[in-house]
Amino acid sequence: MSSNSPTSNKTAILIIILLSYVMIVLDTSIVLTGLPSIHSELSFSDPELAWVQSAYTLTFGGFLLLGARAGDILGRRRMLIVGLALFTAASVAIGLAQTSDWLISARAIQGLAGAILAPSTLALLQTTFTDSHERTRAISYYSAVAGIAASVGLVLGGVLADWLSWRVGFFINLPIGIGMIVAAFRHIPEQARKPGQFDVAGALTSTAGMVALVYSLIRSASHGWSDAWTIPLLVFALALLAIFIMIEWRAKQPIVPLHLFANRERSAAYAARLLFIGAMIGFFFFITQFMQVVSGYRPAVTGLAFLPMTLVNFAAAMVVPQLTQRYGNAYLLATGLSFSLSGIFWLSHVSAASSYWTGIGLPMVLIGLGQGLALSPMTASGIAGVAGENAGAASGVVNVAHQIGNSLGLAVLVAVAAYGTLGLEGIDLLAHRVGMALTGSSAMMALALVLVVAFIVRPGHMTSSIAEERSA
C-alpha cells in the first residue's frame with residue numbers, strides 16, 4: 001500500500017494490526033496466572049506444566065519464518081485472515097480442553113496460527129507506513145501493545161481464573177477474532193503477490209531442532225543429565241539445527257536469508273531480544289507461581305499485583321517516540337535493559353518473608369519501566385536497513401527471536417531452577433526454584449545489555465563522533 005493512502009484507512013489498518021497482535025501476545029501471558037488452576041484441574045506435573053507455554057511458543061517460533069514467506073507469496077491480507085481464523089478456532093479448543101494432551105495439542109495449533117498471523121501484522125505495518133516518522137510512531141505502538149498486552153494478560157488471567165474460569169480467557173478470542181476477520185476484509189487491500197518457493201525443509205528442521213532442544217532441557221529438570229535420553233536428545237537437536245543452517249545457506253529462497261545477519265545492529269538486536277524475552281518469561285512464569293503458592297495470593301490478587309508494572313509499562317511505552325527523537329534508539333534500548341536488569345536482580349532475592357512492596361512491587365516497577373522503554377527500540381533495530389522485498393523475512397526473524405526466546409528461555413530456566421533442590425519440598429522447594437530461575441533471568445538480561453552496548457550503542461557513538469570530527 002502506498003504512503004499517500006487516506007489517513008482514515010491507515011488508522012483502520014493500524015487498529016487491525018494492533019488488535020491482531022494483542023490477541024497473540026495476550027494469550028502468551030493470560031495463561032500464566034491460570035497455571036496453578038490448570039495444573040490441578042488437568043493433572044499436570046511440575047516440569048510438564050512448562051509445556052502449556054512451550055507447546056505454543058515452539059510451533060509459533062518454528063513456523064514463523066515459513067509464515068512470513070507465505071505472506072510474501074500468497075498475500076499478506078490473505079494470510080492475516082487465515083491466521084486469525086485458525087487462532088480463533090484453536091482458542092475455542094483450548095477453552096474446551098478436558099485433558100492435558102488435549103490442551104497441549106490445541107496450544108501447538110494456536111502457535112502455528114500465530115506463526116501465520118504475526119509476520120503478516122509487522123510486514124503490513126512496514127509497507128503501510130513508509131514515512132519514517134509515521135513508521136517510528138507505528139512501531140512504537142506495535143511494541144507498546146506487546147508489553148502492555150503481556151502485562152494486562154497477567155491481570156486479566158488472574159481475575160478470570162479466580163472469579164470465573166481460566167477457560168474464559170481463551171473464549172474471549174472468539175468475538176475478537178470474528179470482528180478482526182470482518183475488518184480485514186473491509187479495510188485492508190490485498191498486496192501484489194510475489195513468485196517464490198516454500199522452504200519446507202528449513203521450516204521442518206528448525207522446528208524439530210528447537211522442539212528437541214527444549215524437550216532435552218525440560219527433561220533434564222525432571223530426569224537429570226544422567227538420564228539415558230537427555231544428552232542424546234540435546235546432541236540430536238544441535239545436529240538438526242546445524243543441518244538447518246546448511247539448508248538455509250544453499251536454498252535459493254530460504255526462510256531465513258542469512259544476509260539479514262550481516263548487519264551488526266540487526267544481529268545484536270535479534271540475540272538481545274531472544275535473551276530479553278527469555279529473562280522476562282522466566283520472571284512471569286516463576287513469580288506468578290511464587291505469589292500464589294508461597295505468598296498465598298488468590299489468582300485475582302496475583303493478577304492485580306502486576307498492576308504497578310502494567311501502569312509503568314504503559315506510561316513508558318507512550319513516551320518512547322519522543323524519547324527516541326531526543327536520545328536516539330540505541331541509548332534508549334540500553335537504558336530500558338538496565339532498568340529491567342535491576343528489577344529482576346532485586347526480585348531474585350525474594351523470599352517467603354518478603355513484603356509485597358519491597359520484595360515484589362518495587363522491583364516490578366523497574367521491570368515494567370525497562371520493558372516499556374526497550375521493546376520498541378529493539379524492534380526498530382531488528383528491521384533496521386531492511387529493503388521492502390525483505391520486510392516479511394525481517395519481521396519473521398524478529399518474531400522468531402521473540403518466540404524462541406520464550407520457549408528456549410523458559411526451558412533453560414526450568415533446568416536452572418532444578419539445581420540444588422535435593423531434600424527440599426513444598427514451599428521451600430518452590431521458593432528455591434524461583435530464586436534460582438530469577439538469578440538465571442538476571443544473567444540473560446545482563447548478557448543482552450552487553451550485546452546492545454557492544455554492537456548497537458558503541459558503533460552508533462563512534463559514527464556520531466566521526467561525523468562531528470568531519471564537520472569540525
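Helix α17 contributes the largest share of the lining of the largest pocket, namely five residues, where helices (H or I, at least four residues) are DSSP runs numbered from the N terminus. The model is a predicted one, in which local features need pLDDT of at least 70 and side-chain atom pairs count only at pLDDT 80 or more, whereas totals for chains, interfaces and linings use all residues. Residues are numbered from 1 along each chain as its sequence is written, and side-chain values use heavy atoms, with hydrogens and water left out.

The largest pocket holds about 550 Å³ of space. On a 1 Å grid over the protein atoms alone, a pocket is an open set of points with protein on both sides within 12 Å along at least five of seven lines, a cavity is a set of points where a 1.4 Å probe fits but cannot get out, and lining residues have an atom within 4 Å of a point; grid points are joined across faces, edges and corners, and a volume is the space filled by probe spheres set on the points. Of the 21 residues that line the largest pocket, Phe244, Phe261, Leu274, Val400 and Ile404 are the closest to its centre. At least two lining residues each are supplied by α3 (46-74), α9 (200-223), α10 (230-250), α11 and α17 (391-417). The lining of this pocket comprises 17 nonpolar, four polar and no charged residues, where Ala, Val, Leu, Ile, Met, Phe, Trp, Tyr, Cys and Pro count as nonpolar, Asp, Glu, Lys and Arg as charged, and the others, Gly among them, as polar.

Three cavities of 30 Å³ or more are counted. The second largest cavity, with a volume of about 50 Å³, is lined by residues including Ile30, Ile38, Trp166 and Phe170. Two or more residues of this lining come from each of α6 (132-163) and α7 (168-171).

Helix α11 (residues 264-294) also packs with helix α15 (residues 329-347), at an angle of about 25 degrees and with their axes 12 Å apart; axes are lines fitted to C-alpha atoms, for helices over the stretch in contact, and angles run from 0 to 180 degrees between N-to-C directions. Helix α11 is therefore roughly parallel to α15, a term for angles under 35 degrees, just as those over 145 count as roughly antiparallel. In the contact (heavy atoms within 4.5 Å), α11 takes part through residues including Phe276 and Phe283, and α15 through residues including Leu337 and Ile344.

Note on methods. Parallel < 35°, antiparallel > 145°, perpendicular 65-115°, else oblique.
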